[in-house]
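Dear colleague,

Please find below the structure that I am handing over to you. My findings follow directly after it.

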Amino acid sequence: MNELTGKNILIGVTGGIAAYKVVEVVSRLKKLGAEVRVVMTRAAAEFVAPRTFQEITKNPVSVEMFAGTVNFHVEHIALANFADVVLIAPATANFLAKAAHGIADDLLTTIVLATTAPMMVAPSMNTRMLEHPATQANLKILESRGVKIIDAEIGLLACGTSGKGRLSEPENICAEIVKFFAPKILSGKKILVTAGGTIEPIDPVRFICNRSSGKMGYEIARAAQLHGAEVILISGNATAEVPAGVKFVKVETALEMRAAVLEEYENVDAVIMSAAVSDYRVKNVAAQKIKKSNETLTLELVKNPDILKELGQRKNHQLLVGFAAETENVIEYARGKIAEKNLDFIVANDVSQEGAGFGVDTNIASLINRAGDVESLPKMTKAELAERIIRRVAESI
Ligand code: PMT
């Protein structure tokens, strides 16, 4: 089952050049399992042919008020009732003005008045039109009524100028819709996630690091946020894209990560430690670049604090989730870490397996609880595994 299976989405397309981008929005929503119907204004139909949306949605596309395109008794009421959510993209200044003031002079604006479904608008227009006090006031009116504004982006506009007014990218618009429907199982909860690899300096230009890309932890942060949690993401070195809306704290060394984690620890409901923390750091970091004068070079390493173990010792109300990156005896070693670090559960990944562990988009993991029960999961994307982990966390707090 996909994220939007069984969800009815009504998309209103108004007359802007960005209407072409909404073709991709519709296509993505269909792939996520949604039932989509499109209503266009006459102006929108000048930019994209209704047939394009008709082919993708496999549903008739309505433009005219009295055309009877859809085989419903009272078309605007039927379409208004169909929607679990209404998305207007692109939303022109003209549409925003009408919607803010209750003007219903075509099929789309009539539906907008008739529906009780939550509404989202994704404005797109020339910067001066967007910044005009009238448009800003209309956006405020809509927002005060609970309409979600999917903010326009800054970039090159069709009129040849550059500024704010580009339609938000299709993936962002779809992410907002997925977020809207995601069950808010972590609502009111504060979750701390660590990710990426810590960096331990050798001298001003060299360091010891590991292969963590941050993908696993960033997906966990994204999933927690999607499910309504307030998320703090403390990250070492990583290449993954930071999820929008999380409190992001960048650190380098294990000691910095420890300090950042401890600062937040008392106020969070759960900690998920997916970071690959360096077990050792260089004892004497050279102040200047080390010269390659000798044939060999010996670095003395000292042990870093085990952050998770310390959290386990200080634990009072927090749920603690650890990771175990192993290459042998995965389950046995992971069970040992639950006891040693006082964890509620652990995610054990055999990082020697293809498609698991560092750098890749997928993972193969087992979830092990305090009693030692093992749920072995098949290979799945890190996003899917993150969803599993977050559901487990939600069941336990
Ligand atoms: O970032 P990606 O490229 O997506 O890769 C994901 C991952 C392989 C990094 C992730 O799935 C993973 O396994 N993370 C844990 C890596 C690790 O350090 O495992 P460990 O078995 O050495 O440590 C056990 C637990 O103790 C971990 O939760 C770790 O965060 C924590 N730890 C370890 C050492 C230390 N000094 N302090 C700690 O808190």
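Is Arg 258 buried, partly exposed or exposed? With a relative accessibility of 26%, Arg 258 counts as partly exposed. Please bear in mind throughout that this is a predicted model.

**Overall description**

The chain has 397 residues, of which 48% are buried. Its C-alpha trace extends over about 80 × 50 × 40 Å along the principal axes. The secondary structure consists of 14 helices and 21 strands.

**Salt bridges**

The count of salt bridges comes to 24. One of them joins Arg 258 to Glu 310, with 2.8 Å between the closest N and O atoms. Arg 258 belongs to helix H11 (residues 254–265) and Glu 310 to helix H12 (residues 307–314), so this pair ties together parts that are 52 residues apart in sequence. Glu 310 has a relative accessible area of 14% and is buried, whereas Arg 258, as stated above, is partly exposed.

A salt bridge also forms between the side chains of Asp 344 and Lys 315, at 2.7 Å from N to O. Here both partners are in loops: Asp 344 lies between helix H13 (330–341) and strand E17 (345–350), and Lys 315 lies between H12 and strand E16 (319–326). The pair therefore ties together parts that are 29 residues apart in sequence. Asp 344 is partly exposed, at 22% relative accessibility.

Within helix H14 (residues 382–396), Glu 387 and Arg 391 are four residues apart, which means that about one helical turn separates them. Their side chains form a salt bridge in which the closest N and O atoms are 2.7 Å apart. Glu 387 is partly exposed at 21% relative accessibility, and Arg 391 is partly exposed at 38%.

**Sheet and hairpin**

Five strands make up an open sheet with parallel pairing, in the order E2-E1-E3-E4-E5. Its edges are strand E2 (35–40) and strand E5 (148–149), each of which pairs on one side only. Inside this order, strand E3 (residues 85–91) and strand E4 (residues 119–123) run parallel and are joined by four bridges. Ala 91 stands opposite Pro 123 of E4.

An antiparallel pairing is found between strand E6 (residues 153–156) and strand E7 (residues 162–166), again over four bridges. In this pairing, Gly 155 faces Gly 163 of E7. E6 and E7 form a hairpin with five residues between them, and Gly 160 in the turn has a positive phi of about 95°.

**Helix H10**

How far apart are the end C-alpha atoms of helix H10? They are 16 Å apart, which agrees with the 16 Å that the 12 residues of H10 (residues 215–226) should span at 1.5 Å a residue. H10 is mostly covered, with nine of its 12 residues buried. Among the buried residues are Met 216, Tyr 218, Ile 220 and Leu 226, together with the alanines Ala 221, Ala 223 and Ala 224. Gln 225 of H10 is buried as well. After H10 comes Gly 228, which has a positive phi near 95°.

**Nonpolar surface patch**

Which residues form a nonpolar patch on the surface? They are Tyr 280, Leu 297, Leu 299 and Leu 301, which together have about 370 Å² of accessible area. Tyr 280 is part of strand E14 (residues 280–282). The relative accessibility of Tyr 280 is 42%, so Tyr 280 counts as partly exposed.

**Cysteines**

A disulfide is a covalent bond between the sulfur atoms of two cysteines. The structure holds zero disulfides. As regards accessibility, Cys 174 is buried at 5%, while Cys 209 is partly exposed, with a relative accessible area of 29%.

Yours sincerely

Methods. Residues numbered from 1 in each chain as written. Predicted model: local features only at pLDDT ≥ 70, side-chain atom pairs only at ≥ 80, totals over all residues. Heavy atoms only, no water. Patch = residues over 30% accessible without salt bridge, like charges linked within 9 Å, V, L, I, M, F, W, Y side chains within 5 Å. Areas by Shrake-Rupley, 256 points an atom, 1.4 Å probe, with all protein chains shown as cover. Salt bridge = Lys/Arg side-chain N within 4 Å of Asp/Glu carboxyl O. Helix = DSSP H or I, 4+ residues; strand = E, 2+ residues; numbered from the N terminus. Buried < 20%, exposed > 50% of the residue type's maximum accessible area, 1.4 Å probe, protein only. Expected span 1.5 Å × (residues − 1). Pairing = 2+ DSSP bridges. Disulfide = S-S within 2.5 Å.
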